Amino acid sequence: MYPWLTPVWQRLLRGVRAQHLGHGLLIKGMAGLGKRELAGQLANALLCQHASNAPCGMCHACELTAAGSHSDLHIVGREGRSIGIDAIRELSRIMSESARLGHGKVAIIERAELMTEAAANALLKTLEEPAGEATLILVSSQPERLLPTLISRCQQWLVPLPDTRTVLTWLKEQGAQASAAALSVNQGSPLQTLEYLNAGADDKRLQLLSELSDLAGHPALFARVQATLQEQPVHLVWVQLLLQDALQTALGVQAPLKLDDCRADSARLALLSPVCLNRLNSELLELRRSLQPGQGRPMNTGLQLGQWLHSLQQALLHS
């Protein structure tokens with residue numbers, strides 16, 4: 001189990017052994033913290049045949065869970081873009097039946113925020129009137145998208161963001177050389193940061209931000225920077241963080257930079273006035289919002305990015 005999950009896991013385990021957990025649980029926290037693993041471990045403990053020492057790892061139930069073949073453990077939401085009413089109705093039907101091994105049933109709904117409204121409403125009845133020792137575990141990175149009536153029927157368990165030192169130590173143990181900046185661009189998420197590093201994205205970030213800040217000295221970089229910005233929405237997030245660091249530097253604010261490994265790049269951009277940096281930052285934020293799905297009319301991404309980038313280049317040329 002990931003080290004940052006241990007405090008929450010120990011509290012959950014005490015609840016299992018004392019039989020104090022409710023029949024509806026919501027495990028929440030940002031993406032990339034290992035909530036799925038935590039839910040799986042909890043299911044194992046709930047199904048263990050030795051409740052006072054769960055999970056014992058030795059009973060038949062623990063062996064079946066470890067093999068992924070326990071007939072009383074059901075998981076939905078692992079695939080697809082949404083969780084529909086048919087999947088929830090089928091899950092509710094299964095949960096209403098008697099446990100095959102006679103020690104309760106557990107259902108895990110991963111990415112619970114993907115439930116349609118109809119599916120969520122269908123789940124309410126199961127949460128209100130669970131059959132026997134049935135336990136429903138909802139896992140969500142966006143609990144604000146869940147129906148309030150659904151949340152109110154669940155015990156909520158928050159998986160907090162781990163501290164930087166813990167994550168950097170863990171990443172080093174995985175063979176990944178990470179900086180605080182790499183963690184920052186991934187919002188502190190350990191698993192997302194590891195994936196990001198393994199994909200070589202950190203080198204790409206450093207190159208992109210270096211070229212962006214050097215547009216005045218090398219105007220020929222314009223087309224390459226624009227093309228890179230268009231590749232993935234997260235590239236605009238990198239630029240936004242750099243602009244925020246530049247604004248902080250320009251204002252003389254004495255606080256840690258979000259991208260401390262791009263200090264030279266933020267210093268170049270800090271030559272612009274705070275008013276200019278604030279304008280560029282606001283425009284980029286609005287551009288990112290307009291690029292999000294479901295924002296109405298389609299837009300010419302290349303044109304919009306090109307205009308914003310040209311504005312930045314001109315500001316740098318005249319600074």
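The side chains of Glu 286 and Arg 289 form a salt bridge, with 3.9 Å from N to O. A salt bridge here is a side-chain nitrogen of Lys or Arg within 4 Å of a carboxyl oxygen of Asp or Glu. By this rule the count comes to 13 salt bridges. The model is predicted: local features need pLDDT of at least 70, side-chain atom pairs count only at pLDDT 80 or more, and totals for chains, interfaces and linings use all residues. Residues are numbered from 1 along each chain as its sequence is written, and side-chain values use heavy atoms, with hydrogens and water left out.

**Within helix H14**

- Glu 286 and Arg 289 are 3 residues apart in helix H14 (residues 274-291), so about one helical turn separates them. Helices are DSSP runs of H or I, at least four residues, numbered from the N terminus.
- Glu 286 is partly exposed, at 46% relative accessible area. Arg 289 is partly exposed too, at 44%. The classes are buried (under 20% relative accessible area), exposed (over 50%) and partly exposed (in between), with a 1.4 Å probe and protein chains only.
- Elsewhere, salt bridges that share partners join Arg 36, Arg 78 and Glu 110 into one network.

**Bridges to helix H10**

- Glu 231 pairs with Lys 204 in a salt bridge; their closest N and O atoms are 2.4 Å apart.
- Glu 231 sits in helix H11 (residues 222-231) and Lys 204 in helix H10 (residues 201-213), so the pair ties together parts 27 residues apart in sequence.
- Both ends are partly exposed: Glu 231 at 44% relative accessible area, Lys 204 at 34%.
- Asp 261 and Arg 205 meet in a salt bridge at 2.7 Å, N to O.
- That pair links distant parts of the chain, 56 residues apart: Asp 261 is in the loop between helix H12 (233-250) and helix H13 (263-269), Arg 205 in helix H10.
- Asp 261 is partly exposed at 31%, whereas Arg 205 is buried at 0%.

**Helix H7**

- Val 167, Trp 170 and Leu 171 are the buried residues of helix H7 (residues 164-173).
- They span an arc of only 100 degrees around the axis, so they lie on the same side of H7. The arc is taken from the directions from the helix axis to the C-beta atoms.
- On the other side of H7, Arg 165, Lys 172 and Glu 173 are exposed.
- The buried residues pack against helix H8 (180-185) and helix H9 (190-198), where contact means heavy atoms within 4.5 Å.
- Just after H7, Gly 175 takes a positive phi of about 85 degrees.

Conventions
Helices (H or I, at least four residues) and strands (E, at least two) are DSSP runs, numbered from the N terminus.
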